[in-house]
Amino acid sequence: MALNDAKLRTLKSKGKTYKVSDSGGLYVEVTRSGSRLWRLKYRFEGREKRLSFGSYPTVSLADARDARESAKAMLAKGIDPGAAKQAEKQARRAVSEHTFEKMADAFLDKGRQEGRAKATQTKNAWLLDMAKADFGKNAVTDIKPTMILDCLRKVEAKGNYETAQRLRAKISAVFRFAVASGVAEFDPAAPLRDALIRPKPKSRAAITGKPALGALLRAIDGFEGQITTRISLQLQALLAQRPGELRHAEWIEIDFTKAVWTIPADRMKMRRPHSVPLPKQALASLDDLRRINGNGRYLFPSLRSFHRPMSENTMNTALRRLGYSGEEMPAHGFRATFSALANESNLRHPAAVERALAHVESNHVRRAYDRGEHWQERIRLADWWSGFLDEARSE
């Protein structure tokens, strides 16, 4: 006899599990605790099987019968409804396990395996932590463009327009990684490219006048803090490399005989090794430094540990102590100073200046033909620049 709601409500525990049939293989299993569980008995490929539909009254009688009919429709097509349900459950579990947080961590781990610079990895992790805080626990397939935009708008609201742009790009990179991994079907951050406020481009602060540059150099020479900090600023002015590349420099990279500093690819922004000619002034400073730190790994070790390089804030802090604000002259500004004055002189080939700064030619055709490092020209450029700095210092 078919079940009805009145009869279902009267089913109570009997101290043991028992069954009450409905029709078409559907029945209720009443457990010792009194739970009423929907079950379907069916045969597939000659074997008797069971399928669960949930408990009454959460799953109503009508819903249970609908589920029975759906299962029978699958059987008519030669599909095992139990196996199909298990596969769907596993698929849902796999989706729920692929959260944005886990995909972001996998993306960062991929970067580590590819040898990305530690500074780049740290910056990427810092950006993605903002996204994780907002939707990190969500499955990547459940994240909508509006959810990402809400996260980006919070950054924009603080006036950090460039950070918002970088964050969107990094979120997009994680989703592209998820698509490539077969976890997601598309990148929901891509349509937001034009939704954000574009930051106004700003030129890097730098001193480009010879008298002002001379005053800065004299101030550095008279710096009363750590000797190694003074030498780092002197070398930053002479060599015009990125501050991070200088503070991570290791003695093994310095060839005093050939007067060359070779920076390995894993520390370079463009992921290619870079050689820097060392003029006599740089060699003299390095020789002084070698007497102080020559027994360690780094040219500029941290004051707390010889096993770590000095802090990224050391040079900028020293410049602040000398009276130069970040808007006037940061450590990175020496690169812009070198570029502006070297190009302005018209004494050296512009390509040599660009290679000295480890810039890669953006024009693919010119880059294909410009394969040389302009090494001899760069040696002459380094000698000219060191002499120019000496002149500025003495004026």
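This report describes selected helices, strands and local features of the structure above.

The structure is a predicted model, in which local features need pLDDT of at least 70, side-chain atom pairs count only at pLDDT 80 or more, and totals for chains, interfaces and linings use all residues. Residues are numbered from 1 along each chain as its sequence is written, and side-chain values use heavy atoms, with hydrogens and water left out.

Helices (H or I, at least four residues) and strands (E, at least two) are DSSP runs numbered from the N terminus. The elements discussed below include the following.

| Element | Residues |
|---|---|
| Helix H9 | 227–239 |
| Helix H11 | 280–293 |
| Strand E6 | 260–263 |
| Helix H16 | 375–394 |

**Helix packing**

H9 and H11 pack at an angle of about 155°, and their axes are 10 Å apart. Axes are lines fitted to C-alpha atoms, for helices over the stretch in contact, and angles run from 0 to 180 degrees between N-to-C directions. The angle makes H9 roughly antiparallel to H11, a term for angles over 145 degrees. In contact (heavy atoms within 4.5 Å), residues of H9 including Ile227, Ile231 and Leu235 meet residues of H11, among them Ala282, Leu286 and Leu289. By class, nine nonpolar, five polar and one charged residues make up the contact of H9 with H11. Here Ala, Val, Leu, Ile, Met, Phe, Trp, Tyr, Cys and Pro count as nonpolar, Asp, Glu, Lys and Arg as charged, and the others, Gly among them, as polar.

**An open sheet**

Three strands in the order E5-E6-E7 form an open sheet with antiparallel pairing; two strands pair if DSSP finds at least two bridges between them. At the edges are E5 (254–255) and E7 (274–277), each of which pairs on one side only. Two bridges join E5 and E6 in the antiparallel sense, and Asp255 stands opposite Val260 in E6. Helix H16 lies across E6 and E7 and runs at about 45° to E7.

**Aromatic pairs and backbone features**

Rings of Phe, Tyr and Trp (its six-membered ring) pair if their centres lie within 6.5 Å, and planes over 60 degrees apart count as edge-to-face. The count comes to nine aromatic pairs. Phe100 and Phe135 form an edge-to-face pair, 5.0 Å centre to centre with 70° between the planes. Phe100 lies in helix H4 (residues 100–113) and Phe135 in helix H5 (residues 118–135), so this pair ties together parts that are 35 residues apart in sequence.

Tyr56 and Pro57 are joined by a cis peptide bond with omega of about 10°. Pro57 is found in the loop between strand E4 (47–56) and helix H2 (61–76). Glu45, a residue other than glycine, has a positive phi near 50° and lies in the loop between strand E3 (36–44) and E4.

How values were computed: Angles under 35 degrees count as roughly parallel, over 145 as roughly antiparallel, 65 to 115 as roughly perpendicular and the rest as oblique. Rings of Phe, Tyr and Trp (its six-membered ring) pair if their centres lie within 6.5 Å; planes under 30 degrees apart count as stacked, over 60 as edge-to-face and the rest as tilted.
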